[in-house]
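Open the model in your viewer and keep the selection tool at hand. Each stop names what to select and then says what is there.

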Amino acid sequence: MPSTQSSAESPAPGRAAPPVLDIRDLRVEIPTRRRILVAVDGVSLQVAPGEVLGLVGESGAGKSLTGSAVIGLLEPPGRIAAGEIRLEGRRIDGLSHAEMRRLRGRRIGAVFQDPLTSLNPLFTVGDQLAETMRAHLELSPGEAWRRAAAWLDEVGIHPGAVRAHHHPHQFSGGMRQRIVLALALCAEPRLLVADEPTTALDVSLQAQVVALLRRLCRERGVAVLLITHDMGVVAEICDRVAVMYAGRIVETGPTAQVLRTPLHPYARELLACVPSLAPQPGRLRQIDGAMPRLGEVPAGCAFHPRCPDAMERCRRERPEARPEGERLVACWLLAGPPQGGTP
Amino acid sequence: MLAFVLRRLFQAALVMLAVGFIAFGLFTYVGDPVNNLLGQDATAEQRRQVAADLGLDRPFPMQYARFLSRAVRGEFGVSYRLGVPVADLLAERLPATLELSCSAMALALLAGVPLGVYAGLHRRGRLARFLMAGSLLGISLPTFLIGILLIFLFSVRLGWFPSFGRGEVVRLGFWSTGLLTQSGLRSLVLPAVTLALFQTTLIGRLVRAQMLEVLRTDYIRFARARGLPDRVVHFRHALRNTLVPVVTVVGLQLGGIVAFAIITETVFQWPGLGLLFLQAVQFVDVPVMSAYLVLVALLFVSINLAVDLLYLAVDPRLRAGASLADRVA
Amino acid sequence: MGDHRWRRAAARAWDSDLLHDLRRSPAVMTAAALGAAFVAAAILAPWAAPHQVFDPGSVNLLDAATPPAWAEGGQARYPLGTDSQGRDVLSAILFGSRVSLAVGLSATALAMVLGVALGLAAGWAGGRLDAFLMRCADVQLSFPAILVALLVDGLAKSFLPRRVHDEAAFYVVVTAIALANWVGYARTVRASTLVERDKEYVQAARVLGRRPAAIVLQHILPNVLGPVLVIATLGLAGAILTEATLSFLGVGVSPTRPSLGTLIRNGNDFLLSGEWWMTIFPGAALVLLVLCINVLGDWLRDALDPKLR
């Protein structure tokens, strides 16, 4: 595996199995009335089998759109303009509607942010579980219902057989998110795309849901693309993390490393902003300025206007992702002197 | 749930009382109540008797109470214009209006719902856009003009259908129906279509709008994310969620049909309640106006109540009410 | 401060997606142009009409029931034919549109003022006033506009002495339609008022001692104008149709100042005998007018809907 290419594959040696999810140079555009906005600009990442990869960044960085692109539910007029998305080696970004439909649920599961609105209020949860399984697995209605009840027990809702007859409004928020998890996993996918699964929950419930997510996926060997802006969750369950800024990935690497010693200036600032409980006088840190809106991304490195260490090169050229040990970082500061030409 | 039903009944009663009040006001203070009750040809003796009965010298609330008791028994006095007891007039005309209204509603539903669903599902398709453009035309056409145009085309030019009247009717007990004779059915076609056209457009647009909104929801998105087939997503999920609020509105529309029937009956000289009411307004025939008001209010209130109950049956969230026992933390 | 905001809003509007959208949709542009032409013709009717149809001296009874110019027996100076009294149909349509628009605009304006005022009051005051008004609104909503209008009309006629009926007819119709239509405005405005009332800048203004009326007018009112405008446009179409219906039924405007509805009524008697132009042309004019307004209103609603942006 060549390790000096910009759209690099994971440089970690010894990973024999191909990644479950392989995104290369993904570009998502949103044509509006006046012009075309680029929301995801050359994003590349891989998720190994059974691994949990966190995709973090501020609101508006393009994380959710990346997730939507993977499951093929980009809201029009958004569209995939370039790049490749491979699931277990097979390209899925250009598939027809019918083929994509077969993949969803069966190979890729998805969980969205708001459990309250993710469930159809008119149907029982048992119904919704059973229909999902029957859409993908060959099951009789009775068998599907039995499994639905078993799933409810599995996610901690007892007694499953009774509660399967209840409607979503009869469950609390935390329980609903657990049902949503069950729904996403019941057709036995290999990959789960979780888009802000804990954001809408109380802190006390977040921990439960996160633990459940981790357990279920570990037990079944399901890889997870976890999209979130909550560093706590990332620290809790992610094996690796990718930091996103203005539609681009600025740093990727093992969680412990990135969180303790972030290399990219934005990642550094971002992690420094996380308030800690350690007794520390002083103000909350914040980064000056704001992430550029779609259509206003500066030339060169997207972060350079806010970067305390920006160089002339940062203004002109967009940095490529370069390996640094087990990580990939897109920053000229780490690049060393350029081959030929002036800094 | 019981509380919900009781509350609704209570509100219904309030509305009826309010309407009864207006009708009472009309009856008593506009024109001469004695005349209203007896008609123009009563003797002086009868008048004195009735004046005493009515208690015109009694306090206001008592008069109101008496009016209500008479109304409940169906005594609304005598029509100025026709000299016939109002209750008889109403009874005679009711079947015509009901048959017309129900036929029109049935037509509107049969046409409007599928069209709306189609336009909602295929939002950007050519046919859907054409239908939406057509629907704009549909709500720009006043009912009476539709009637005139249909008469012009199908009666005057083509001669397929009669341009007025109800045709032959068959009496079944107190009901007279035009559905059992060929001329009756043929006479029903143009008026029913006229009445239905506006409603079809409204229902179509409503269903489409609701469908589009439902298709944007998170639970539909999640259903797709679970890989459910389109057929299931559209017809099992989206359709059911769409129809629930549509049912309410359609129920309320039924009331509108009764009102638009006034126009249709006028254009086609259909012998129903609507025509009766219009003639009463033109003539200032107070007893008829007042009775029609009460009758129509009763109809609306009953329909509203029925729709509320239907909603209750269909939406599980309302069935469980706010009972905490069902919620397990 | 207020002036500054208006200027900014105007600049935003010009540059906005709204007008961009308008420019891009030929159907809507056509509707807007046609509507404007209608309005212009209607306003200028006394000067633009080829014949002064409601001036008894200029009407020639001998020309009665002339077909349109292109049909057999037609004359060039009566392009759309004449009615049973010898009045030029085209001119009658122009004058009639004038009346229809006058009633429609007045009724809509009145309904808007009434509804907005009541909505603001209900939303701001809350409590019993709000509950009472909403109860009234709920009850009235179950009665269709035409029924309410008929009722008000009938009541007014029974209270007014007969000789005043004719002159008062216009005002009675306008009031009737306005009373039938105020609810839509009231509800929307009330909902917006409730939302705005709890916002911080309003609470701040109250703490600062600004008078409630000033707060309502200066802060809350601008925020509700968008939806109100949409309702008003569609309401105008409805008002015109309601007036036409009332006039057709004979309980609308006075026959001496006929609206399009009255013209249709007059011509209807001759439809069966084959003299179709007396009814069909005014009918077409009515539909065209209302259609233009509906197209504009529909487009306006879509353009102002934040969800569809």
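Start with A:Arg268 and A:Asp309. They form a salt bridge, with the closest N and O atoms 3.3 Å apart. A:Arg268 sits in helix α11 of chain A, residues 265–273, while A:Asp309 sits in the loop between α11 and α12 (312–316), so the pair ties together parts that are 41 residues apart in sequence. Over all chains, the count comes to 33 salt bridges. Keep in mind throughout that this is a predicted model.

**Along chain A**

Select A:Pro76 and A:Pro77 next. What kind of peptide bond joins them? The bond is cis, with omega about 10°. A:Pro77 belongs to the loop between α1 (63–71) and β4 (79–87) of chain A.

Move on to A:Glu88. This residue is in the loop between β4 and β5 (90–91) of chain A. Check its backbone: phi is positive, about 50°, although A:Glu88 is not a glycine.

Now pick A:His158 and A:Pro159. A cis peptide bond joins this pair too, and here omega is about -15°. Look for A:Pro159 in the loop between α5 (141–154) and α6 (160–163) of chain A.

**A charged patch**

Select four arginines together: A:Arg90, A:Arg102, A:Arg107 and A:Arg190. On the surface, they gather in a patch of positive charge. One of them, A:Arg102, lies in helix α2 of chain A, which covers residues 97–103.

**Between chains B and C**

Show chain B and chain C. How many residues does each chain bring to the contact? Chain B gives 43 residues and chain C gives 39. About 3400 Å² is buried between the two chains, and carbon and sulfur atoms give 81% of that area.

Stay on the chain B side and select B:Ser140, B:Phe144 and B:Ile148. In chain B, these three lose the most area to chain C. Together they make up 16% of what that side buries.

For the last stop, select B:Arg205 and C:Asp298. The two residues form a salt bridge, and their closest N and O atoms are 2.9 Å apart. Between chain B and chain C, the count is one salt bridge.

Technical notes: Residues numbered from 1 in each chain as written. Chains lettered and ligands numbered in written order. Predicted model: local features only at pLDDT ≥ 70, side-chain atom pairs only at ≥ 80, totals over all residues. Heavy atoms only, no water. Patch = residues over 30% accessible without salt bridge, like charges linked within 9 Å, V, L, I, M, F, W, Y side chains within 5 Å. Areas by Shrake-Rupley, 256 points an atom, 1.4 Å probe, with all protein chains shown as cover. Salt bridge = Lys/Arg side-chain N within 4 Å of Asp/Glu carboxyl O. Lys, Arg positive; Asp, Glu negative; His and termini not counted. Charge placed at Lys NZ, Arg CZ, Asp CG, Glu CD. Helix = DSSP H or I, 4+ residues; strand = E, 2+ residues; numbered from the N terminus. Contact = heavy atoms within 4.5 Å. Buried area = accessible area lost by both parts, 1.4 Å probe.
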